[in-house]
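Have the structure open while you read.

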Amino acid sequence: MRSTVAPNILFLMETKNQDPSVFHVCQPLGFSNRFTVPPLGLSGGLALFWSDNVSLEVLASSPHFIDTKIKFQGIVSFITFTYGAPQVENIAEIWDLISSLGSSRDEPWLLTGDFNEILDSSEKVGGPLRSEGSLIPFRSFVSQNGLWDLPFSGNNLSWRGQRHTHFILSRLDRSLANCSWTETFPSGHSSYLRYEGSDHRPLVTVFDSTKRKGSGIFRFDRRLRGKPEVTPLISEAWGNPSSPAPPIYVKLSDCKRTIIQWTREQNATKTARNKASQEALEAALSSELPDPNLIATLQDSVATDYREEEEFWRQRSRIQWLQHGDSNTSFFHAATRGRRAINNLSMIEDAEGTTHHEDHLIGKVVADFYQKLFTSDYRDPKAAVDEALQTRVTPAMNEALTKLPDEKEIKEAVFSVHPDKAPGPDGFSAGFYHSYWEIISFDVYREIRSFFESGFLHPRYNETHVRLIPKDLGSKKVADFRPIALCSAHYKIIAKILCKRLQPFLSTIISKHQSAFVPKRAIADNVLITHETLHFLRLSKAQKHCSVIPTRGLRQGDPLSPYLFILCTEVLSGLCRNAQERGALPGVRVSRQSLAINHLLFADDTMFFTKTNPTSVSALLSVIRTYENASGQCINPTKSSVTFSSKTPSEVKALVKSSLGIEKEGGVGKYLGLPEHFGRCKKDIFTGIVDKVRKKAHSWTSGFLSGAGKQVLLKSVLSTMPSYAMSCFKLPKSLCKRLQTALTRFWWDDKPDKRKMSWVSWDKLSVPKNGGGLDFREIEIFNDAQLAKIGWRLLNQPDSLLAQVLLGKYCHSSHFLAASPPSNASHGWRGILAGREILRKGLGWTIGEGKDVNLWTEPWLSISTPTQPIGPPPEHLRSLVVGDLIHQHSNSWNVDAIHMVVPQHEEEIRKLVLGSKRSKDALRWLHCKSGEYTTKTGYAISKLHNEPVHADGFNWQTNLWRVKTSPKLKHFLWKASANALSVGAALIGRGFNTDGRCVRCGEVEDVRHVLLTCPYAQTVWNLAPVLFKPNPVDCPNMKALLLQARKLVNLPPTGLSLTPLFPWLVWFLWKARNLLIFEERIVSAQDTYHKAISEAKAWQHSRTASNAASDQSNLPPSLTPRFLPPPDVLSCYTDAAWQASDLRCGAGWIIKNSVGDIVLQGTEVRDFIPSALAAEATAVLLALTYARAANVSQVACFSDCLELISLLNSGGLSLGILGLLIDI
């Protein structure tokens, strides 16, 4: 190694010898400098050797590490040579000690050595499987310190050894580095060498500071969208519409040149201008006679510069979940650095295992790989397609798919593309199209329509950049990277149009066995069917399944690719269906009443179910080979597995695996990311979810978030991470508590290793915002709410594949809502029944004809809450249905029958609006206007049912959450209202040994005192130029102070019109108090007041600028201009007045021709109209009824009720007017 590698630094671990012996052995290596840590008895021992051309200083050492600072080739960096503790009980202590070394380091930092730990189970081969929980300490250590694996070559299973009866290979040795190191040494990498004289492979780390030099790629800067001076430049560069006009790609090139030139000119003066502003502000603030107006102007200028910097790093970070709020520049910067470190491609291995580090060789390896992958011989798929498919696309469907798009359709497609997604080779994202739509729209219309007319797309629009994203840690081969295609915005617009046209027909074209990308089908269906089938196989015999994964031919990142893929795999589904009909591939039936399933598809994940007899296996092979020959896609046998029923003989297993060419046996793995089968200890199966949440919560970048940013991260990211698993299965209670604990600690703690006071319980935090909480999720209840959605689909889609399997097995003799679980029910079915309990709290019947609804036992009396008639019915009326209260000829309520049977419910019944046309009764979710179940409403109902919120008359939305101020200040006001601030009285209440008195005046310190009654606070309030200042007498608590604060009126001297001054005053009162206590800094009342005014103005200015930019760049022009009917169509105008006290409405209508002459008009009064919306719908219905009676054939209706018009145009539903909508 000395002759081939010639290292400048050598680190030895487990020397197990005293210094003289170590020096004697290493003397021939020629190192002139050394440092050792002697062994403890016969174990351990570290030795570090370095040459003279390296300047190395040992900063700290222990039996488990040597921390150093080195200077090599003029670059200073830190290296911690690590030897992890072999004893598990000591490992966390070592990580904490090393973390303390690097906690304050932003310089390049490398850790290398034997960590005696792995990050993932895939880094170990042989021996018992490691539990996910045991990996958490090391994962947390790596995540908290912002460390990343260096790119490596060679076999990374660096240790080999025998443990009891198991031979184990494991990756114990590695090199980790922070972002600064990867930026300083962008070509740095490590290599695992051959075993030589040790059970560990030598690990060589190369410090390579060579920076790749390449031509910069143009990317449209989204910050330009808010600059009004850029619009004329774009308009001039684009040019006026002309005929013949240059193609769009030419005009985009002209815009690119203009933007580059303008940006270059701006950047030339920007740095000097920013520096001048900062120096002028410093001088103004230091002046003995400060000028408030000048200071405010300069502060606005500097704040604008900082906002531009934050926006720059935000778009570089690719963060989508955090858009607006407090300043989070450091977070975006850290996220960008972390993303670059992960995606850094400094080396690659070719097919022969040779490592390449040069850019041109890396590019050649990648190009050769994909050239081979995407090149195939010609195959004629006609025979297979004719065998598998039947004609399903009707002439009407074909016409809808191929018609020329109009301007509205193209505009909707343009604005449906996310403005901030990565651009294609031209550098322009969809945000450019959104911002300058008025300039470019004519040319976009022209070229999009030209494509649909000619079928020709210029190759420039079809060009893509391919970005390689590592699939896992330590990706080193091209196959270890996921290729993401960055398509041009012009191509995405065409793809969006085609996708939107395809979507309505997919459920007709695509078989029920394909769950991906088809509306009203869910991934959970495949997961649950597979789970149920495998559960059945373990209770029976002679069945098996294998998975096929085709992944060839279409580019990821293309909006159209998923639809093209499932259209192709429809051939595979058709072949399986034909084989099942012939009896060659019968599949598996989990019960006699259930549908037999022989395959399931979710995009490129395929599951086959078949018997193990030679006939079925041969039929399956025939289907696979036919599809492979037709499509060019092939099974990957290394990623496929076969699972057998519990009683399958071993010789049968061997024969089947040999016939299929698949060696791996499954059943305990994962399908679509979730467990195939559950044992008794379910919490261990899902432990990885807790680890992922903790890893994200403790990540290095999360430490840079503001308080409001943490709230967004918790609600938008951390709480949603378990959602996929919770949408399919019931998580164990213990696991839900662990998840909740992880979220609680993230919320209250600044650092993972430093626990802070939890001032408010999670139960209160999870209360909705209008009840005084923060609307965080209670994991167990949210799990049930998601499972209730599966139950809702079973009720409303009884013909779906999932319903035919599950209901056939568990509900063949009873309704789903009444079924009880058998003793051998699967875990999936038990989870669905847990969700069913939520459905029962909100399901009710909407009456069509009333024949399916029992009058006494079903909830049908209300469309807001499940209600049924009170009291036991007479014996002779027990069998009545709601239809017995309805006139059969008119489908209206029979008032006489109501008086005879349920007179006490007459008003409730007559408020239920029936349509004149008879329709089927339907179970609806009453807590949503549309009648469709949503997880959000299900969770809210279950949460309020378990823990009802006690209303105290305080409106949290009006008094706090809708106040126009910074999210950080809203968060502070909430903490003050919830007694979650660490004031003296609160600390004493928690048992702290503290004086608890105000450091200024000596009074007992509570929140009210700090923010209002302290003499210091009173002085600040007296300085504030506002009317109706809060009176301490009227403000006994924080809620009362918030109520009083709403009355405050800013006077002109403040310069504030958008935001009230109150939140800023109390925030800086709190900051002044903390500066005095913790830093002994005295801030005068005048300075506190001026700071509050200054920051409020800066925030107001930023919101004004942000709103202006948003109005200009993000909001699409009106997609629905005023509708003018053709001359031969009459216009009908309706309106209604509704009186809530007696449920009466007056409706009026007037019908005019194209010249404005009145053709028909009328008014009418109706009783028992339940709502204003129903009154407006009644007016429209009456107008159309009279128009038809007058032989009016075509009429365009106009109403001032936007909700009604939206429902009619979209075909939506609203529970209160279902009958009226059907009639209209």
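Which residues in helix 22 meet which residues in helix 25? From helix 22 come Thr687, Ile689, Val690, Val693, Arg694 and Ala697, and they meet Leu735, Arg738, Leu739, Ala742, Leu743 and Phe746 of helix 25; contact here means heavy atoms within 4.5 Å. By class, that contact has nine nonpolar, one polar and two charged residues (Ala, Val, Leu, Ile, Met, Phe, Trp, Tyr, Cys and Pro count as nonpolar, Asp, Glu, Lys and Arg as charged, and the others, Gly among them, as polar).

A quick word on ground rules: this is a predicted model, where local features need pLDDT of at least 70 and side-chain atom pairs count only at pLDDT 80 or more, while totals for chains, interfaces and linings use all residues. Residues are numbered from 1 along each chain as its sequence is written, and side-chain values use heavy atoms, with hydrogens and water left out.

Back to the helices. Helix 22 (residues 687-697) packs on helix 25 (residues 733-748) at an angle of about 0°, and the axes are 10 Å apart. Helices (H or I, at least four residues) and strands (E, at least two) are DSSP runs, numbered from the N terminus; axes are lines fitted to C-alpha atoms, for helices over the stretch in contact, and angles run from 0 to 180 degrees between N-to-C directions. So helix 22 and helix 25 are roughly parallel to each other, the label for angles under 35 degrees.

Helix 5 (residues 230-238) and helix 14 (residues 437-454) pack at about 25°, with axes 10 Å apart, and are therefore roughly parallel too. Thr231, Ile234, Ser235 and Trp238 of helix 5 make the contact with Ile439, Ile440 and Asp443 of helix 14. Four of these residues are nonpolar, two polar and one charged.

Now for the sheet: three strands form an open one in the order 10-14-15, with mixed pairing (two strands pair if DSSP finds at least two bridges between them). Strand 10 (152-153) and strand 15 (203-206) each have a single partner strand, so one side of each is left without a neighbour in the sheet. Strand 14 (residues 189-192) runs antiparallel to strand 15, joined by four bridges, and Tyr192 has Leu203 as its bridge partner in strand 15.

Last, the lining of the largest cavity: among its residues are Cys998, Glu1005, Tyr1016 and Arg1073. Its largest share, three residues, comes from helix 39 (residues 1062-1078). The lining has seven nonpolar, no polar and three charged residues. A cavity is a set of points on a 1 Å grid over the protein atoms alone where a 1.4 Å probe fits but cannot get out, and lining residues have an atom within 4 Å of a point.

Note on methods
Parallel < 35°, antiparallel > 145°, perpendicular 65-115°, else oblique. 1 Å grid on protein atoms, 1.4 Å probe; cavity = no way out; pocket = protein on both sides within 12 Å on 5 of 7 lines; lining within 4 Å.
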